[in-house]
Amino acid sequence: MRHPPGKSSANTAPKRWHGPCFHVIGRNGMVKVGIIANPISARDIRRVISYAGNLPINDRANIVLRMMAGLATSGVEEVVVMPEHGGIRFQLERNVQREQRLGHVNFPRMRYLDMPVTATPADSARAARMMAEEGVAAIVVLGGDGTNRVVVGACGPVPVAGVSTGTNNAFPELREPTITGLAVGLAATGQVPAAEALRPNKWLEVMLNDRREIALVDVAVVEDRFVGARAIWKAAGFRDLFVTFGLPQAIGMSAIAGLSDPVDRATPEGRHICLSPDAPRQLLAPIAPGLIDRVGIVGTDRMMPGVAHHPSVAAGSLAFDGERELTFTDGDRVSVRLVPDAFRTIDVPACMAHAASAGLFVRNPD
């Protein structure tokens, strides 16, 4: 069982998907898909200091409905949902009952996991583990980079699909949830072969002494030795940035790499960028919605798989996918390694392209 971020798992090797397909029949004989909708994503301090919007609970519930409509059309019979007390469940159940009563849409059977709700990231990790144990074919995640990181760290070999509802969303791609639901359903039911439906992804493996953590997009080393509000938004204290990918059109910490030395999701390498506010090379980077800050770049190094990189400062704090979590001193051992093919995601464009070429949505009249 893979340990969630925040738990020591130094001896746990990453699990990878090697099977010919991932069409999974759950315990009750149904094809099942998990849905983890984080009701508190996109509510960190960056919402106060930048111009980011806030997605209302009703909109989040409607996103789930749109996904479920796509899943049902593709043949998924049951969805297993993470419980929460943020209001999504109330809105979702009310809207499902209304649509079913009016006969507008047929949704898959919906069932909530029987688990305690703590309103912390531990809920997403617990739900991901339970869904994997139940044999779901895939997990759809509503959240930002942080929520996806928690789920990926706990779901083992189950592929994930992200729906962007967080503050900084470098990992989950912006896409209409209906299309995500259709694609996940096609993959989960085996209508699209795994060779086309699954995309390998890199992650960063961080070792702080004997403690192991992962990051899906970036690890930032900040000179300040406190966690505070967790989310980072001031570039002045940055000293190192490690990224799995950095795209020129991205927002967040990975935008620094994207605008200085881009690397895409598929290339089997990452970037290590050394930073200093006094560096002669200055870069303007969008590190939060509407917030463009100046960063000084000392130099850039390629990260090849398995090669250990180390912070350029002896003490500071570590931020994983935009949130500070750990501090270290000059007596600690800190290393960052790039791990290729660490987990799989649903390749939505590839699934939909296969559906078009195979005519999977063509219905001839009787």
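Let's start in the sheet: strand 10 (residues 270–275) and strand 12 (residues 291–303) run antiparallel and are joined by 6 bridges. Strands count as paired if DSSP finds at least two bridges between them, and strands (E, at least two residues) and helices (H or I, at least four) are DSSP runs numbered from the N terminus. Within strand 12, Asp301 is the bridge partner of His272.

This is a predicted model, in which local features need pLDDT of at least 70 and side-chain atom pairs count only at pLDDT 80 or more, while totals for chains, interfaces and linings use all residues. Residues are numbered from 1 along each chain as its sequence is written, and side-chain values use heavy atoms, leaving out hydrogens and water.

The open sheet has 7 strands in the order 11-12-10-9-8-13-14, with antiparallel pairing. Strand 11 (281–288) and strand 14 (323–328) are at its edges with a single partner strand each, so one side of each has no neighbour in the sheet.

Now for the nonpolar cores (buried Ala, Val, Leu, Ile, Met, Phe, Trp, Tyr and Cys residues joined through side-chain atoms within 4.5 Å; buried means under 20% relative accessible area, with a 1.4 Å probe and protein chains only).

| Core | Residues | Including |
|---|---|---|
| Largest nonpolar core | 39 residues | Ile35, Leu92, Leu142, Val184, Ile346 |
| Another core, apart from it | 29 residues | Met115, Ala125, Cys155, Trp203 |

Conventions: Buried < 20%, exposed > 50% of the residue type's maximum accessible area, 1.4 Å probe, protein only.
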